[in-house]
Amino acid sequence: MKITAIDTCVLTVPTSRQMALEFPHHKLVVAEIATDEGIRGLGYSLVFSGGGAESVLAYLDARLKPLLIGEDPTAVERLWEKMYRGDRSVRRVGIAGMALSALDIGLWDIAGKAAKLPLHKLWGAVTDRVPCYGSGGWGKYGEKDLIAEAERYAGMGCRYYKMKIHDPDPLANRRRVEAVNKALGPGVRMMVDVNQKLDVPGNLRQAAVLEDLDLVWYEEPVLADDIAACAEVAGAIRIPVATGENSYTRYEFRELIERKAARYLMPDVCRANGFSETLKIGHLAAAHGIAVSPHLVYEISIQVCGALANGFLVELMDWMPPDLFEEIPACKEGHVRIPDRPGHGMALQRGAVSKYRSQGGRS
Ligand SMILES: [Mg+2]
């Protein structure tokens with residue numbers, strides 16, 4: 001089998017009403033890989049809030065796509081190495097990591113379709129349903145909206161709910177978390193997300209007023225670049241730290257592990273160089289007794305969790321409009337069933353590209 005063409009574009013997708021308080025849209029860098037045997041792979045990278053999507057597309061088109069044309073798409077590891085090592089002076093983090101991720105996801109989609117297996121089974125499945133947590137709780141929600149969202153997820157059977165703690169006043173965050181915790185009752189445990197907004201002393205103050213709430217984790221306390229600071233927080237607070245959504249390679253995750261900077265690792269398959277690298281990160285975490293809870297894009301992250309014994313929860317967040325994908329895996333009783341379709345199981349709806357394609361078009 002040979003890759004004959006890769007069609008790429010940026011889709012701009014509107015967010016739900018509540019999320020729009022923070023972000024009007026997200027962008028999706030899409031790479032549809034065609035082969036001479038008629039099998040097509042869908043690769044994409046979700047660029048949350050949209051910033052940088054055009055740069056991801058430019059790097060993918062100019063530097064990565066030419067490396068794949070004419071190659072056998074089922075030799076994923078070899079092609080991953082070719083892309084990862086293609087530019088000596090551009091590290092595969094940030095924009096370049098997101099570009100490589102989209103193509104790796106598309107290559108695996110082809111490999112799964114060629115093998116007639118869903119990816120988690122191709123990788124050696126551990127389960128076909130993955131528990132999920134409801135995620136949202138944005139800082140701009142009023143308390144009523146916050147509780148309504150948490151209860152909506154609980155109504156879907158989710159036993160975990162995650163909310164932002166973005167108020168500069170630690171006690172204001174405490175009041176919001178406590179209000180949600182009370183509304184949800186003992187059947188639902190909670191996580192909180194700092195989204196890199198605090199420094200070390202700020203985190204110590206914040207965590208100290210949350211420690212009695214039996215939180216599952218305390219997420220992304222400091223700037224993702226500063227692993228030393230994350231380790232300092234993790235060593236000083238009593239809530240387990242989770243991080244990794246802005247880490248890109250096995251090497252960054254190795255450092256997080258070695259410095260004991262997190263008890264939960266959260267690679268994002270659309271950032272951390274695709275399924276290939278995320279699986280390696282998952283196995284590395286297993287060697288250290290650390291659970292992996294992939295960031296966002298639950299509709300494809302479930303394939304990774306379904307193949308990892310140390311996979312924990314996927315992040316249920318309704319980031320996509322209902323007419324983007326053909327079939328979106330649903331949450332039932334707090335679990336997402338992994339589609340039994342070959343590959344990653346996701347396909348764009350007919351018409352989605354023309355409806356959501358950003359100006360500047362498709363190459
Ligand atoms: Mg987060």
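The centres of domain 1 and domain 2, taken over C-alpha atoms, are separated by 24 Å. Domain 1 covers 3-116 + 351-356, and domain 2 covers 121-337; such bounds come from an automatic or database domain assignment. To the contact, domain 1 gives 29 residues and domain 2 gives 25 residues. Two residues are in contact if their C-beta atoms, placed from the backbone, lie within 7 Å.

Before going on, a note on the source. This is a predicted model, where local features need pLDDT of at least 70 and side-chain atom pairs count only at pLDDT 80 or more, while totals for chains, interfaces and linings use all residues. Residues are numbered from 1 along each chain as its sequence is written.

Which elements supply the side of domain 1 that touches domain 2? Strand 1, strand 3, helix 2 (76-84) and helix 3 each supply at least two residues. Helices (H or I, at least four residues) and strands (E, at least two) are DSSP runs, numbered from the N terminus. Helix 3 has the largest share of that side, with 10 residues. By class, the side of domain 1 that touches domain 2 has 17 nonpolar, eight polar and four charged residues. Here Ala, Val, Leu, Ile, Met, Phe, Trp, Tyr, Cys and Pro count as nonpolar, Asp, Glu, Lys and Arg as charged, and the others, Gly among them, as polar.

**The sheet**

Next, the strands. Strands of a sheet pair through backbone hydrogen bonds, either parallel or antiparallel. In this model, three strands make an open sheet in the order 1-2-3, and the pairing is antiparallel. Two strands pair if DSSP finds at least two bridges between them. Strand 1 (3-14) and strand 3 (40-47) are the edge strands, each pairing on one side only. On average, neighbouring strands of this sheet are turned by 20° against each other, direction ignored.

How many bridges join strand 1 to strand 2? There are 11, and strand 2 is residues 25-35. Two places to look at are Asp7, which stands opposite Glu32 in strand 2, and Pro14, whose bridge partner in strand 2 is His25.

Strand 2 and strand 3 also run antiparallel, joined by eight bridges. Ala34 has Arg40 in strand 3 as its bridge partner. These two strands, strand 2 and strand 3, form a hairpin with four residues between them, and Gly38 in the turn has a positive phi of about 90°.

**Helices on the sheet**

Helix 1 (residues 53-68) lies across strand 1, strand 2 and strand 3, and runs at about 170° to strand 1. Axes are lines fitted to C-alpha atoms, for helices over the stretch in contact, and angles run from 0 to 180 degrees between N-to-C directions. Helix 3 (residues 95-115) also packs on the sheet, where it touches strand 2 and strand 3, and its direction makes about 150° with that of strand 3.

**Pairs of helices**

How do helix 2 and helix 3 pack, and at what angle? The angle is about 165°, with the axes 10 Å apart. That makes helix 2 roughly antiparallel to helix 3. On the cut-offs, angles under 35 degrees count as roughly parallel, over 145 as roughly antiparallel, 65 to 115 as roughly perpendicular and the rest as oblique. Val76, Leu79, Trp80, Met83 and Tyr84 of helix 2 meet Leu100, Leu103, Asp104, Leu107, Trp108 and Ala111 of helix 3. That contact of helix 2 with helix 3 divides into 10 nonpolar, no polar and one charged.

Helix 5 (residues 143-155) and helix 6 (residues 170-184) have axes that come within 10 Å and cross at roughly 40°. Helix 5 and helix 6 are therefore oblique to each other. From helix 5 the contact uses Glu143, Leu146, Ile147, Ala150, Glu151 and Ala154, and from helix 6 Arg176, Ala179, Val180, Ala183 and Leu184. The residues of the contact of helix 5 with helix 6 are eight nonpolar, no polar and three charged.

The last pair is helix 7 (residues 200-208) and helix 8 (residues 227-236), packed at an angle of about 25° with their axes 10 Å apart. Helix 7 and helix 8 are therefore roughly parallel to each other. Val200, Asn203 and Leu204 of helix 7 make the contact with Ala229, Glu232, Val233 and Ala236 of helix 8.
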